[in-house]
Amino acid sequence: MLATRTIIGLVVGSIIIGLGGFSLVNTLAPTISINENFVIGSGDSDSFSIPAPKDAPQYMMIIGDSFDLKLTSPGEGLNIPTTSYKKELILDWAHSEDGQTIIVIQNTGASELEITVNTNQTPDPFGITFDFMVIISGVIIIGFSLGFTLRKPKGF
């Protein structure tokens, strides 16, 4: 018969291993699609870094009074030197080779900038490492909980 602590440890360890495995499967995809909305206050600036494989489509819509934008894309892709814009800007491009697009936005208007981003990015390798650490933690919990089922020899 298994001890109560052992059963609890097996259940908790199995749940942790299942969550880590599910997350690992999701991060092993060649690209992940990210849809986000950002707001940049008046006078503030922000930068975005988009790591992506070749031919990955990217989309960004910026709405606000006025702003400065600089975009650098890998290879012969979309490159925009620091340029001032008013009201709205829609950027729709694809990476011409593997690499990282860097976007710097400075809000020069009186109102907030609303930024809508839809990117296709390569998964973070540290996320994969974290998923393996979660799975290993679940295995360790199961191992310790199985130690509670062993009978202690006389004298202990």
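Two residues are in contact here when they have heavy atoms within 4.5 Å of each other. With that in hand, let's look at this protein, a predicted model in which local features need pLDDT of at least 70, side-chain atom pairs count only at pLDDT 80 or more, and totals for chains, interfaces and linings use all residues. Residues are numbered from 1 along each chain as its sequence is written, and side-chain values use heavy atoms, with hydrogens and water left out.

**Ile-32**
- Setting aside neighbours within four places in sequence, Ile-32 is in contact with Asn-26, Thr-119, Asn-120, Gln-121 and Pro-123.
- You'll find Ile-32 in strand S1, which covers residues 32-40.
- Ile-32 has a relative accessible area of 29%, so it is partly exposed (buried is under 20%, exposed is over 50%, and partly exposed is in between, with a 1.4 Å probe and protein chains only).
- Ile-115 sits 83 residues away from Ile-32 along the chain, and their C-alpha atoms are 19 Å apart.

**Overall layout**
- The protein has two helices and six strands; these are DSSP runs numbered from the N terminus, with helices being H or I of at least four residues and strands E of at least two.
- Starting at the N terminus, the order is α-β-β-β-β-β-β-α.
- The radius of gyration is 24 Å, while a compact globule of 156 residues would come in near 15 Å (it is taken over C-alpha atoms, and the globule rule is 2.2 Å times the number of residues to the power 0.38).
- The C-alpha trace spans about 80 × 35 × 20 Å along its principal axes.
- Of the contacts with a separation of 6 or more, 79% are between residues 24 or more positions apart.

**The core**
- Of the 156 residues, 30% are buried.
- The largest nonpolar core holds 17 residues, and among those with the most contacts inside it are Met-60, Ile-62 and Ile-105 (such a core is a set of buried Ala, Val, Leu, Ile, Met, Phe, Trp, Tyr and Cys residues joined through side-chain atoms within 4.5 Å).
- Strands S2 (45-52), S3 (57-72), S4 (79-94), S5 (99-107) and S6 (113-121) each give two or more residues to this core.
- S3 supplies the largest share, five residues.
- Beyond four places in sequence, Ile-105 touches a list of residues including Ile-40, Phe-48, Met-60, Ile-62, Leu-69 and Ile-115.
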